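Visitor: I am new to this structure. Please show me how to read a few of its features.

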Amino acid sequence: MIRQLLQRTLLRRRDLAAIELLVCDVDGVLTDGGLHYDEQGQVVKRFDVRDGLAIRMLQRAGIEVAFLSGGRSGAIEQRARHLHVNHCLVGVGDKLSALRQLQASLQLERQQTAFIGDDLNDLTVRPATGLLICPADGARGLRRQADWVLRRRGGDGAVRELAEALLLQRGLLQSLNREGWREGNA
């Protein structure tokens, strides 16, 4: 607990203010990491609706959001379409290379990129990120090296917690908390 408070305190405002791209691992970040199969053998995933709204709020604030996952289920792509996430990279074996390609296509630098992941395969993106973040229930090795360990668990509002910090830094969270969210508002 003390380590988490210290990490958050050490995150300088300019670190959060510089973020223009949030890249999310999916399983264990946007979901709880569990795999559920239906009768036909299709994977069914549970996504937190508050994380979804957080993604829409970030997009409205001008922050690009991307999904980067080693998995491929169809559910990830469907969730990306539903949230208007234009960069949905699935079945990725080399996350670092895929992230660097995405950054190049968006003309964004390391310092402008935050990555939220939950397991050891997400450590590989460290050289390409300004902020490496993980949910409270992330793998121990990742938690030790992350710039920020969130209080919320994957699939249970972790992305929302991060989004609120980014929006707060931009001075946008207060008006959302006061006026609420309407999809049609620009």
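Visitor: Where is the place of aspartate 122?

Guide: First, a caution: this is a predicted model. Aspartate 122 sits in the loop between β6 (113-116) and β7 (131-134).

Visitor: Does aspartate 122 count as buried or exposed?

Guide: Buried means under 20% relative accessible area. Aspartate 122 has 0% relative accessibility, so it counts as buried.

Visitor: Which residues is aspartate 122 in contact with, leaving aside its neighbours within four places in sequence?

Guide: Asp25, Lys95, Phe115, Gly117, Leu132 and Leu142.

Visitor: Now alanine 158. Which helix does alanine 158 lie in?

Guide: Helix α7, residues 158-169. Alanine 158 is buried too, because its relative accessible area is 0%. Set aside neighbours within four places in sequence, and its contacts are Asp51, Ile116, Pro135, Leu150, Arg152 and Arg153.

Visitor: What separates the C-alpha atoms of alanine 158 and arginine 50?

Guide: A distance of 9.3 Å. Along the chain, alanine 158 and arginine 50 are 108 residues apart.

Visitor: How many cavities of 30 Å³ or more does the structure hold?

Guide: The general idea comes first. Rolling a probe the size of a water molecule over the atoms shows where empty space is left. Here there is one cavity of 30 Å³ or more. The largest cavity has a volume of about 30 Å³.

Visitor: Which residues line the largest cavity?

Guide: Leu30, Phe47, Asp48, Asp51, Gly52, Ile55, Phe67, Arg79 and Leu83. By class, that lining has five nonpolar, one polar and three charged residues. Helix α3 (residues 49-60) gives the largest share, three residues. Asp51, one of the lining residues, is also among the contacts of alanine 158.

Terms used: Residues numbered from 1 in each chain as written. Predicted model: local features only at pLDDT ≥ 70, side-chain atom pairs only at ≥ 80, totals over all residues. Heavy atoms only, no water. 1 Å grid on protein atoms, 1.4 Å probe; cavity = no way out; pocket = protein on both sides within 12 Å on 5 of 7 lines; lining within 4 Å. Points joined across faces, edges and corners; volume = space filled by probe spheres on them. Helix = DSSP H or I, 4+ residues; strand = E, 2+ residues; numbered from the N terminus. Nonpolar A, V, L, I, M, F, W, Y, C, P; charged D, E, K, R; others polar. Buried < 20%, exposed > 50% of the residue type's maximum accessible area, 1.4 Å probe, protein only. Contact = heavy atoms within 4.5 Å.
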